[in-house]
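Thanks for asking me to look this over. Here are a few friendly notes on one helix and its surroundings, to read with the model open beside you.

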Amino acid sequence: MPRDYLGDLYLGADCVPVPEIPLSESQGLSPHQIVPMLIGSTVEAIERELVLQTLARCHGNRTHAARVLGLSVRTMRNKIRQYATDGVDIPAPS
């Protein structure tokens, strides 16, 4: 399988591929162990972290990060604009 695929999702040349490790084997944690760690965090905070880490993995390429997350480019742009307004550091395109 080419390095720029994540399952059936094409990441594009600007995205760093994610190791193909099932979630249950990832860091030895099962989904039942991961979800309790998220309890107490807002959906907004979890979403923000997911967007920012995806952007970082895609080297700041907003189009590719939006595609990976299943968002429109416009939605991604609006989220980034809001995060920047909130004072969050946004990964810059490289």
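1. Helix α2 covers residues 43-57, which makes 15 residues. From its first C-alpha to its last it reaches 21 Å, close to the 21 Å expected at 1.5 Å a residue. Please keep in mind that this is a predicted model.

2. Next, have a look at which residues of α2 are buried: they are Val-51, Leu-52, Thr-54 and Leu-55. These residues lie on the same side of α2, because they cover an arc of only 165° around the axis. Turn to the other side of α2 and you will find Leu-50 and Gln-53 exposed.

3. What do the buried residues of α2 pack against? Their partners are α3 (62-69) and α4 (73-85).

4. The pairing with α3 deserves a separate point. Two packed helices are described by the angle between their axes and the distance between the axes. For α2 and α3, the angle is about 130° and the axes are 9 Å apart. The two helices, α2 and α3, are therefore oblique to each other. The crossing in which α2 passes α3 is right-handed. On the α2 side, Leu-50, Val-51, Thr-54 and Leu-55 make the contact, and α3 contributes Arg-62, Ala-65, Val-68 and Leu-69. Notice that Leu-50, listed above as exposed, takes part in this contact.

Terms used. Residues numbered from 1 in each chain as written. Predicted model: local features only at pLDDT ≥ 70, side-chain atom pairs only at ≥ 80, totals over all residues. Heavy atoms only, no water. Helix = DSSP H or I, 4+ residues; strand = E, 2+ residues; numbered from the N terminus. Expected span 1.5 Å × (residues − 1). Buried < 20%, exposed > 50% of the residue type's maximum accessible area, 1.4 Å probe, protein only. Arc of directions from axis to C-beta. Contact = heavy atoms within 4.5 Å. Axes fitted to C-alpha atoms, helices over the stretch in contact; angles between N-to-C directions. Parallel < 35°, antiparallel > 145°, perpendicular 65-115°, else oblique. Left-handed = near helix turned anticlockwise from the far one by under 90°.
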